[in-house]
Amino acid sequence: MLIIKTEDDFIFFNDEKDITPEFAEIYKANSDMAHINDWGKITYGMLKTFPQEKVAVKGSCSEVGRCYWYPDGKHKAHLTEEDLLLMENGWYELKFIREAIGKWHESIKENSFNYLLMDLYYWEHRMGSWQAQSQLE
């Protein structure tokens with residue numbers, strides 16, 4: 001059972017209900033890597049119990065706190081495009097990725113919104129990919 005606290009109340013999602021074959025077919029058709037036995041159950045529970053006049057918003061803000069690329073908590077003061085490219089195997093050799101990272105790095109030089117660059121990069125690169133997939137579910 002998933003419980004969400006709202007401003008006025010708690011909402012309970014019953015993920016113990018059996019997913020119907022029709023729901024499973026639609027769910028799997030909308031996600032290449034559907035996690036039908038976990039996220040699928042939660043989604044089905046939300047479909048059956050979530051108030052239709054409400055909107056659910058998912059996010060990934062807390063993931064940045066993991067300091068994925070610097071688990072010791074020590075952030076490198078000045079990151080270059082090369083530093084960013086070397087965080088993923090093979091990226092340095094791919095011209096289109098080097099160009100994309102270069103454009104991204106240039107675009108945030110003037111304003112990184114007071115985020116540490118590695119956190120912002122993680123959020124945009126790692127979490128962007130992960131959230132794109134999870135939003136499908």
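Modeller: A polar contact of 2.6 Å joins the side chains of W104 and E124. The model is predicted: local features need pLDDT of at least 70, side-chain atom pairs count only at pLDDT 80 or more, and totals for chains, interfaces and linings use all residues. Residues are numbered from 1 along each chain as its sequence is written, and side-chain values use heavy atoms, leaving out hydrogens and water.

Biologist: Why is the pair W104 and E124 called a polar contact?

Modeller: The term needs a pair of N or O atoms within 3.5 Å; within protein, one must be able to donate a hydrogen and the other to accept it, and residues adjacent in sequence count only if both atoms are side-chain atoms. The pair W104 and E124 has 2.6 Å, so the term applies.

Biologist: How far apart are W104 and E124 in sequence and in space?

Modeller: They are 20 residues apart in sequence and 9.9 Å apart in space, C-alpha to C-alpha.

Biologist: Why is W104 called buried?

Modeller: Buried means under 20% relative accessible area, with a 1.4 Å probe and protein chains only. W104 has 14% relative accessibility, so W104 counts as buried. Of the 137 residues of the protein, 31% count as buried.

Biologist: What does W104 touch, not counting residues up to four places away in sequence?

Modeller: L84, L117, L120, Y121 and E124. Contact means heavy atoms within 4.5 Å.

Biologist: Where is W104 placed?

Modeller: In helix α4, residues 95-108. A helix is a DSSP run of H or I, at least four residues, and a strand a run of E, at least two, numbered from the N terminus. The protein has five helices and two strands, in the order β-β-α-α-α-α-α from the N terminus.

Key:
Buried means under 20% relative accessible area, exposed over 50%, partly exposed in between (1.4 Å probe, protein chains only).
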